[in-house]
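Please read them with the structure open.

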Amino acid sequence: MIQSMTGFGKATLQLPTKKITVEVKSLNSKGLDLNVRMPSLYREMELGLRTQIASTLERGKVDFSIYIESTAEQTSTKVNVPIVKAYINQLREVYADADETELMKMAVRMPDTMKVEREEIDENEWAQIKNVINDSLNNILSFRKDEGLSLEKEFQLRIGNIRQYMNDALALDPERVQAIKDRLQTAIDELKVNVDENRFEQELIYYLEKLDITEEKVRLTNHLDYFLETINGTEANGRKLGFITQEMGREINTMGSKSNHAQMQKLVVMMKDELEKIKEQVLNVL
């Protein structure tokens with residue numbers, strides 16, 4: 001079963017003094033492009049967290065965020081009173097006639113007027129946060145699987161269309177071969193020359209063999225089957241699907257160059273259009 005690289009996961013935790021929200025978003029990417037945003041309090045946990053996210057999500061442009069919303073009446077940020085008083089005294093020397101309120105407003109905008117009391121990580125609290133992180137990662141994995149099911153249905157539709165167009169093209173083969181024979185015979189008749197019929201047949205067979213698309217049909221069929229087999233596999237397979245689509249494209253292009261028949265070339269163009277739609281979606285596969 002395939003998974004999409006696109007996904008979103010969110011989980012929350014309500015603690016006595018704060019609300020913790022964890023969000024994970026991912027888009028398609030060639031590798032893992034991980035961006036982690038978290039409060040400085042938990043920075044020492046970032047390395048282990050990155051390892052966990054990388055092993056869980058594997059690929060994608062991933063944005064991971066931890067948000068803290070304080071719900072307590074008290075705050076760890078306090079006014080640095082001595083500093084504020086010192087600023088007011090200095091400002092009073094500059095603006096002797098200034099109102100005390102205005103001096104206060106100016107003072108609190110100056111550097112170092114607020115101080116934050118450093119908190120230490122509470123192990124019990126972090127254990128609860130880890131559970132929320134796991135929930136958010138499980139949520140994004142579930143999202144990716146749902147997206148993968150949608151992609152799988154899309155791929156099956158497009159592969160079926162290519163197979164149908166290929167069969168329609170092969171059904172035109174007798175008509176195409178006869179048209180080539182008639183065109184060559186008409187050209188010889190217009191030259192009004194006598195030709196060795198045996199030699200003509202040999203040359204015609206050689207020419208038709210050059211334009212035969214049986215091998216391309218067999219190889220393309222194998223690639224179509226292999227694509228479907230791969231999307232039903234158990235491993236991450238976006239890159240493998242990309243390689244298979246490249247091989248499918250080669251066979252379809254060769255069919256087009258050999259077709260030498262207007263209606264068959266139209267069907268080849270339709271196959272190419274379906275293949276391009278597959279390629280666009282393969283970029284989203286994990």
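1. The side chains of Ser65 and Arg37 make a polar contact at 3.2 Å. The model is a predicted one. Ser65 sits in strand β4, residues 60-70, and counts as buried because its relative accessibility is 2%. Leaving aside neighbours within four places in sequence, Ser65 is in contact with Thr21, Val22 and Glu23 as well as Arg37.

2. The largest nonpolar core has 27 residues. Among those with the most contacts inside this core are Phe155, Leu220, Phe227 and Met248. Two or more residues come from each of α4 (123-171), α7 (214-231), α8 (238-259) and α9 (262-282). Apart from this core lies another, of 26 residues, including Leu34, Leu49, Ile129 and Ile133.

3. Two aromatic pairs are counted. The planes of Tyr42 and Trp126 stand at 35° with ring centres 5.3 Å apart, so this pair is tilted. Tyr42 belongs to the loop between β3 (32-37) and α1 (46-57), and Trp126 to helix α4, 84 residues apart. Both Tyr42 and Trp126 are buried.

4. Phe155 and Phe227 form an edge-to-face pair, with 5.3 Å between centres and 85° between planes. Because Phe155 lies in helix α4 and Phe227 in helix α7, the pair ties together parts 72 residues apart in sequence. Phe155 counts as buried at 0% relative accessibility, and Phe227 is buried with a relative accessible area of 0%.

5. Beyond four places in sequence, the contacts of Phe227 include Phe155, Ile159, Leu241, Ile244, Thr245 and Met248. Ile278 and Val282 are also among these contacts.

Terms used
Residues numbered from 1 in each chain as written. Predicted model: local features only at pLDDT ≥ 70, side-chain atom pairs only at ≥ 80, totals over all residues. Heavy atoms only, no water. Core = buried A, V, L, I, M, F, W, Y, C linked by side-chain atoms within 4.5 Å. Buried < 20%, exposed > 50% of the residue type's maximum accessible area, 1.4 Å probe, protein only. Helix = DSSP H or I, 4+ residues; strand = E, 2+ residues; numbered from the N terminus. Contact = heavy atoms within 4.5 Å. Polar contact = N/O pair within 3.5 Å; in protein donor to acceptor, adjacent residues only side chain to side chain. Phe/Tyr/Trp six-rings, centres within 6.5 Å; stacked < 30°, edge-to-face > 60°.
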